[in-house]
Amino acid sequence: MTTENQATPAPAMPRLNEPAPAFDAVTTHGHRTLEDYRGRWLVLFSHPADFTPVCTTEFMAFAKRQADFQALDCELLGLSIDSHFSHVAWTRNIQERFGVEIGFPIIADLSMRVAHDYGMIQPGASDTSAVRATFVIDPQGVLRAMLYYPMSNGRSVEEILRLLRALQTSDEHGVATPENWRPGEAVIVPPPATAEEAEQRSSDGDCECTDWYFCTKHL
């Protein structure tokens, strides 16, 4: 039993570049498990509650860009600590009132099991609602990125798409991407590991080097 002298336990937090926590959950599209998404990218995102204004804007934004995520071989999966029936009623309300169809599943996490496993419950914000957390999981089921927003402010779906494209580019070409990178812009070449490689890099016509450690190129 928690007393005034006991600290509130920190939420469990998944770790980047480690397997994402497994789940088996009821959604608006039937049961879903993490294994169902193996071989594709997955954006799993939580929201505080159904029938709330900020969450409604986010869900409409995700729905409008769902085809863009799917073009990148990525699926969307929402979650909140609401019932399956609440999710269904809310998505129907969004379609009726705003003319936007929510085409991706939403996990009903009344037990808060998935929310706790992913560190979506932040005691400083709420003990019973998930904050605006977003998780990018790769086709091998490895957690590659996490984004957390406060309950008062909505996410940028465009930024999540940008991040997904950047991760896929880094994986495919073995490069890094600079601040606010967009497809078609120069990428960052990994720093050379030896003095000999640094010397070769400076004369490499494929790269533009500001200094030995800072070289970019266009793909």
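Good morning, everyone. This is a predicted model, in which local features need pLDDT of at least 70 and side-chain atom pairs count only at pLDDT 80 or more, while totals for chains, interfaces and linings use all residues. Residues are numbered from 1 along each chain as its sequence is written, and side-chain values use heavy atoms, with hydrogens and water left out.

Helices (H or I, at least four residues) and strands (E, at least two) are DSSP runs, numbered from the N terminus. A residue is called buried under 20% relative accessible area, exposed over 50%, and partly exposed in between, using a 1.4 Å probe and protein chains only.

My first subject is helix α3, residues 84-98. How far apart are the end C-alpha atoms of α3? They are 21 Å apart, which agrees with the 21 Å that its 15 residues should span at 1.5 Å a residue. The expected span of a helix is 1.5 Å times one less than its number of residues.

Which residues of α3 are buried? They are S86, H87, W90, T91 and I94. These residues cover an arc of only 130° around the axis, so they lie on the same side of α3; the arc is that of the directions from the helix axis to the C-beta atoms. On the other side of α3, F85, R92 and E96 are exposed. The cover over the buried residues of α3 includes α1 (53-64), β4 (74-80) and β5 (106-108). After the helix comes G99, whose phi is positive, near 70°.

H87 lies in α3 and counts as buried because its relative accessibility is 0%. Leaving out residues up to four places away in sequence, H87 touches T28, H47, D50, S80, D82, I106, I107 and A108. Contact here means heavy atoms within 4.5 Å.

Now I turn to the elements that cover α3. Helix α1 has 12 residues and reaches 17 Å from its first C-alpha to its last, close to the 16 Å expected at 1.5 Å a residue. Its buried residues are C55, T56, E58, F59, M60, F62 and A63.

Strand β4 is mostly covered, with 7 of its 7 residues buried. Both of its faces are covered: C74, L76, G78 and S80 lie on one side, and E75, L77 and L79 on the other.

In general, strands of a sheet pair through backbone hydrogen bonds, either parallel or antiparallel. Two strands are said to pair here if DSSP finds at least two bridges between them. Strand β3, residues 41-46, is joined to β4 by 6 bridges, and the two run parallel. Within this pairing, L44 stands opposite L77 of β4. Strands β4 and β5 also pair in the parallel sense, over 3 bridges, and the bridge partner of S80 in β5 is A108. Together, β4, α3 and β5 make a right-handed β-α-β unit. Right-handed means that, with the strands pointing away from the viewer, the path from the first strand over the helix to the second runs clockwise.

Next come the antiparallel pairs. Strands β6 (residues 132-137) and β7 (residues 143-149) are antiparallel and joined by 6 bridges. I137 has L143 of β7 as its bridge partner. The hairpin of β6 and β7 has 5 residues between the strands, and G141 takes a positive phi near 80° there.

A130 sits in the loop between α4 (113-117) and β6. Is A130 buried or exposed? A130 is buried, with a relative accessible area of 0%. Neighbours within four places in sequence aside, its contacts are S46, H47, P48, I81, M120, I121 and M151. A130 and A115 are 15 residues apart in sequence, and their C-alpha atoms are 6.6 Å apart in space.

There is also an open sheet of 3 strands in the order β8-β10-β9, with antiparallel pairing. The edge strands are β8 (187-189) and β9 (208-211), each of which pairs on one side only. Strand β10, residues 214-217, is joined to β8 by 3 bridges, and the bridge partner of V189 in β10 is C215.

Just after α5, G174 takes a positive phi of about 65°.
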